[in-house]
Amino acid sequence: MHAIGNNILKQNPETNIIYSTGEEFTNDIVNAIQKKKAFDFKQRYRNTQVLFIDDIQFIAGKNAVQEEFFHTFNALTKQAAQII
């Protein structure tokens with residue numbers, strides 16, 4: 001993943017990239033809900049050009065997190081962003 005990200009940045013240093021593990025994604029959404037900052041969470045993850053998610057299996061069985069990832073995935077693919 002890092003090699004892909006580095007190559008993307010080499011070609012276009014202005015690319016907005018987010019790298020997150022499944023656990024970090026889960027913690028981010030849980031914290032956003034607790035702090036009533038879900039909009040900020042959505043803005044951050046849904047307005048990136050490239051989203052790297054490592055260890056995606058971590059969200060298995062976490063229905064609310066899976067649903068948010070599904071919506072994030074759809075929003076990103078709709079705007080032709082990349083998800084790795």
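I looked up Tyr-19 and found it opposite Phe-52 in β2. The model is predicted, so I note its limits: local features need pLDDT of at least 70, side-chain atom pairs count only at pLDDT 80 or more, and totals for chains, interfaces and linings use all residues. Residues are numbered from 1 along each chain as its sequence is written, and side-chain values use heavy atoms, without hydrogens and water.

**Sheet.** I followed the strands (DSSP runs of E, at least two residues; helices are runs of H or I, at least four; both are numbered from the N terminus). β1 pairs with β2 (residues 50-54) in the parallel sense, over five bridges; pairing requires at least two bridges found by DSSP. The open sheet has three strands in the order β1-β2-β3, with parallel pairing. Its edge strands, β1 (17-21) and β3 (82-83), each pair on one side only.

**Helices α2 and α4.** I noted that α2 (residues 22-34) packs against α4 (residues 63-78) at about 100 degrees, with axes 10 Å apart. Axes are lines fitted to C-alpha atoms, for helices over the stretch in contact, and angles run from 0 to 180 degrees between N-to-C directions. The two helices are therefore roughly perpendicular (65 to 115 degrees). Phe-25, Thr-26 and Ile-29 of α2 make the contact (heavy atoms within 4.5 Å) with Val-65, Glu-68, Phe-69 and Thr-72 of α4.

**Helix α3.** Which residues of α3 (residues 38-46) are buried? I found Phe-41, Tyr-45 and Arg-46 (under 20% relative accessible area, 1.4 Å probe, protein chains only). They line one face of α3, because they fall within an arc of 105 degrees seen down its axis (directions from the helix axis to the C-beta atoms). Their cover includes β1, α2, β2 and α4.

Terms used
Parallel < 35°, antiparallel > 145°, perpendicular 65-115°, else oblique. Buried < 20%, exposed > 50% of the residue type's maximum accessible area, 1.4 Å probe, protein only.
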